[in-house]
Amino acid sequence: MLSIENLHGGIEDKGILHGIDLAIEAGTVHAIMGPNGSGKSTLAHILAGHPGYTVTAGRIRYDGSDLLALSVEERARAGLFLAFQYPLEIPGVSNINLLKTALNARRRAQGEEELDALEFIELVESRMALVNMEQELLYRSVNEGFSGGEKKRNEVLQMAVLEPRLAILDETDSGLDIDALKTVAEGVNQLRSPERAFLLITHYQRLLEYIRPDHVHILHGGRIVRSGDYTLAIELEKHGYSAIEAEFQHGQHHA
Amino acid sequence: MNASKQGVSSLISRTYKHGFVTPIESDTLPPGLNEDVIRTISSKKGEPDFMTQWRLQAYRHWLTMKEPRWSHVHYPGIDYQAISYFSSPKAGKARPKSLDEVDPALLETYNKLGIPLEEQELLAGVAVDAVFDSVSVATTFKEKLAELGIIFCSFSEAVKNHPDLIQRYLGSVVPPGDNFFASLNSAVFSDGSFVYVPPGVHCPMELSTYFRINASSTGQFERTLIIADKNAYVSYLEGCTAPMRDENQLHAAVVELIALDGAEIKYSTVQNWYPGDELGRGGIYNFVTKRGDCRGNRSKISWTQVETGSVITWKYPSCILRGDHSVGEFYSVALTNNLQQADTGTKMIHIGKETRSTIISKGISAGHGQNAYRGLVKMLGSADNARNYTQCDSLLIGDRCGAHTFPYIEVKNASARAEHEATTSKISDEQLFYLRQRGISEEDAVSMIVNGFCKSVFKELPMEFAVEAQKLLAVSLEGAIG
Amino acid sequence: MATARLKRNFNTGSTMHEIADTVNDYTRLFEETMHSSGAHATETLRHHRYSALKRFRALGFPERGDEAWKYTNVQSILQQRFNPAPATVPVPPELTAIEALAEHRLVFVNGIYSPALSTPPQQIPGLKVTSLFNYLQQNTPDIASAHGNDISNGFQALNGAFVSGGCVIELEAGIRLDGSLELLFFTGDNTLALMSNPRNLILLGEASQCTLIERYIGLPQARYLDNPVNQIQLAQGAQLTHVRIKQPSNRGFYIGHSTAKLAAHSRYAQYGYTFGGLLSRDDSHIEFSGPGASAEMRGLALLSERQHADTHIRIDHHATDCTSRQSFRNIVDQHSRAVFTGRVVIHHGAQRSDASQACHALLLSRQAEADSRPQLEIYADNVKCAHGATTGYLDQDALFYLCSRGIPHAQAEQLLIEAFAKEQLGAVAEIPMLSVYLERLMTRNRH
């Protein structure tokens, strides 16, 4: 579904990623872990097409086509979803208006009919149960005055309504208490399906206790330095990033 | 950002969709202004002598006045002798008695503008007075309203049929010598709408005037007078469009509202005069005086305006809160794109006790547009416990435009309280990215954010107008980003 | 008709005729007095005086309809004729009673430097204090421009023509001055209507730092016109704390004008306090010429009787990344009136400017009036600008709270008024002698 080859890039002139290789199959859950500044969020933003980030080398194929040639909204309509680490507030734009506009934009792009108001409400209400969200939040301005937990649940709700093929969760666990974390994880787990892939970006192993990944990758200095299964996350939890860093630097000296 | 660049020029060229000209024979006075022209206008309209004298007095006063230059707008001087002060579609001698007699070309014009004059049509709940250049061409639902004692007719008819009301109220809110443009209007005003709602009557439908400038080299000087008698209620809508022309045309209207004890007037405007092209050629100079007088206790006047058109807008719909416990409101969205300039706001003059006013102003600047809020809140010594709350927000789209805020707060009563807040923001790249990541196009995302910004004003508009206003805003912004 | 009456009230101001008469009178006065020996200490000064007079004749005084003077009518000033002080005017005994607020103090009586009363700084490395006239003998400074097109109103030009003295303070790069420097201007005579036209230049070198106290005190009951001009230049990274205390007499007029040009990363803080005065008007114009600079403008006017105080600020953001803060409070009692106009202009290209304005007015009597005009003019999109203004009486909840604790109503009011005023001390609260002095003025009991 997604294949990243030798990806180099960063913010403006500052190189952050120095050759990422990663392949994600439909139906799998990948986790990318790494210390602060390792390039986790940069990868997420480049995949989503943030205009502030530049790609200097490498290529990304998504469903066989060149992802980097697509605009932000084209990627979204092709089923790529980014759950933001810091969801934005948009005054005066109601949550439900955002959901409806986004969903219908995608349906139009896929040649489907737009949902009418009734169908749409039914869909949204069925998805709200997934994230245990209060109805009232639908009619409030997007994320305005939401608590940290509400913002993250709102991201998962948008994901549930838009039904992406590839969902990237950028530090969705940050700033959540344990109950909110469980709710968010349950929501994600219910959305797992053979057609859908997830890329979880996280600093901590905690989230992975609730959403079991098939693959775990450790990002360091803009490269994936180790890949493995869930046990890698447990190992990391035990020894910390410093052990990995030491090992990596050691290895590099000999390279 | 790249996506929006393509096709920007094609977007701009289709921006103003009301720019057509109706090919209709007109009876137009030659350009120029003097006492004879004023007498001619007055006699063409068959006015009684008091009206002619009133006009002449205003004209003589106008001659002593200077065109105001204090506002934040810039334009070359206006040659008042190059303007034609009267133009009416040729349709026999008198105004048609029914729609069947109205020139089909005119009916077609209003249909094209989305304002069908056939009463049973789309806007079934709205009574319309259609003003074409200098004259009112049709007023719908008159009979139905008359059953309730409501007078809704053209100004010319009111002068003939209700001279007592005209003599009593005309100029009582905006005196003929009030300001340069109001004086000019008082001298040469051609037509407009008149509304009288009798005591205790709640007007069952929206009343509406649709103003259309068609002829070239003419000015439009309409006059609207609305009186809500004791405990009456009326909601009034005003819309305006004009053809695309390379020349600037002057629109200098006067609107007077009078609310007696317990009465309420809600006045909404969607102003979409031709804004000129992207190089600033052509467009309407919209220099308008609108003022409401809360003459009675517990009366209320509410102005809502959506200003997207005109190359220059200069207007301050105001409230004189004379009655105790009276309420004034001003809700405004003003958008300037390309080379448009707007200097708009309000005046809230608190005279009575326990008077309240609210001002919500949203200014949007794009392209090279200049947008200024100018508002006066004045609380006189008599205004015990008066309250005002003002919020002015500006949104900048691009770094070539300007957003300005000039409040004037004058308080002479220690028990009164005035609060003013203003903010300035731009559409952030991060907000755009967020919406685009959800699959929404950049144009739609901008439009969504702008509409969100204006929400607290749009909710004050009657339903049909609110939808219109949102669409208008999206169209007016096309080509603004990228 | 009420609307017509309202309109008339708007149009207060002087007529062209009165202005022309006054301008002619001062021109004659210039010709009579400025020929005397000493008035033109140097050819440069002579040149300055004449070009300023020319400008004065062109500008006249603020007239009816001038937006910048909308709320301040200078007619009462024009009705009188003020003379430059003759050198023979004796030093009033009241002056000796005025305590110093800093170790080093320069005293000007009726705009003329008084060596006898001054304790100028001696031998402080990097600090040079010169009298304006001496300075002009050796330099052809930028003040030349201040006699030209920089002059925006007739009072400034009047100062240029009749300039009576003043000082030039120069601080070398990197010098940080401990303690503060005070300039005390004492004006007024019991028999003559005098005008004082001092002009001060404050020039701070790169990364230098100092605190300047500028104080204007009028002789009680004297009729006079204080008409000072300050020009301030901060080089890169320089920091100036500028405290300005105005205590005009009840018959005195104060019209002041200050300009400050701020280079990159410099910091300017102005704390202005106006206590009384028949009519006072203070204009400050701040210009950011380099990036990353900041200006904090704080002010308080405490007025009663028929006093009138008008504060007028203009801040031009010409450079990127500059910050300006304005915080003004006006307390008006009895028949007094306070006016605040603050305009922030963010010029094209001045991205990441951060500007805020707050103006709060407290009305204590039915006859008092407060007028506020916080204004933003913005030509750049990536900026943070906001302003807020409130006008009204004390917070009723706070009053109720204090009363519920057993504090008598009048005392509770007094407490809240003082609290409202003292917030304007800001960083000045940390300057010992000064803060005590200001607090005393702020706690004067109501009449």
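Predicted model: local features only at pLDDT ≥ 70, side-chain atom pairs only at ≥ 80, totals over all residues.

Colleague: Zoom out. How many helices and strands does chain C have?

Modeller: Ten helices and 22 strands. Of its 447 residues, 49% count as buried.

Colleague: What about its overall dimensions?

Modeller: The C-alpha atoms of chain C fill a box of roughly 70 × 50 × 50 Å along the principal axes. The radius of gyration is 22 Å, which agrees with the value near 22 Å for a compact globule of 447 residues.

Colleague: What share of the contacts in chain C join residues at least 24 apart?

Modeller: 83%, counting contacts between residues at least 6 apart in sequence.

Colleague: Now a single residue. Where is C:Ser76 found?

Modeller: In helix 4 of chain C, residues 75-78.

Colleague: Buried or exposed?

Modeller: C:Ser76 counts as exposed, because it has 12 C-beta neighbours inside 10 Å.

Colleague: How far is C:Ser76 from C:Leu278?

Modeller: In sequence, 202 residues. In space, 9.6 Å from C-alpha to C-alpha.

Colleague: On to the chain contacts. Which pair of chains shares the most?

Modeller: Chains B and C, of the two pairs in contact. That contact takes 34 residues from chain B and 36 residues from chain C.

Colleague: Which elements of chain B give two or more residues to that side?

Modeller: Strand 22 (402-411) and strand 23 (417-426) of chain B. Strand 22 gives the most, with ten residues.

Colleague: How do the residues on the chain B side divide by class?

Modeller: There are 16 nonpolar, ten polar and eight charged residues on the side of chain B that touches chain C.

Colleague: Which strand of chain C is joined to strand 23 of chain B?

Modeller: Strand 22 of chain C, residues 384-392. The two run antiparallel, with seven bridges between them. Within that pairing, B:Ala422 stands opposite C:His387.

Colleague: How close do chains A and C come?

Modeller: They do not touch. Their nearest C-alpha atoms are 16 Å apart.

Colleague: Then how many residues go into the contact between A and B?

Modeller: It takes 24 residues from chain A and 20 residues from chain B. On the chain A side, helix 2, strand 7, helix 3 (95-109) and helix 5 (148-162) each supply at least two. Helix 3 gives the most, with five residues. By class, the chain A side has 14 nonpolar, seven polar and three charged residues.

Colleague: Back to chain B. Which residues of helix 10 are buried?

Modeller: B:Gln431, B:Leu432, B:Phe433, B:Tyr434, B:Leu435, B:Arg436 and B:Gln437. Seven of the nine residues of helix 10 (429-437) are buried, so the helix is largely enclosed by the rest of the structure.

Colleague: What covers those buried residues?

Modeller: From chain A, the cover includes helix 1 (40-48), helix 2 (72-77), strand 6 (80-83) and strand 7 (90-94). From chain B, it includes helix 11 (442-458).

Colleague: What happens just after helix 10 of chain B?

Modeller: B:Gly439 takes a positive phi of about 95°.

Colleague: Last topic, the open sheet in chain A. What is its strand order?

Modeller: The order is 2-1-4-5, with four strands and antiparallel pairing. Strand 2 (14-24) and strand 5 (65-66) are the edge strands, each pairing on one side only.

Colleague: How many bridges join strand 1 to strand 2 of chain A?

Modeller: Eight, and the strands run antiparallel. Strand 1 covers residues 2-11. A:Ser3 stands opposite A:Ala23 in strand 2.

Terms used. Residues numbered from 1 in each chain as written. Chains lettered and ligands numbered in written order. Rg over C-alpha atoms; globule rule 2.2 N^0.38 Å. Buried ≥ 20, exposed ≤ 12 C-beta atoms within 10 Å, placed from the backbone. Contact = placed C-beta atoms within 7 Å. Nonpolar A, V, L, I, M, F, W, Y, C, P; charged D, E, K, R; others polar. Pairing = 2+ DSSP bridges.
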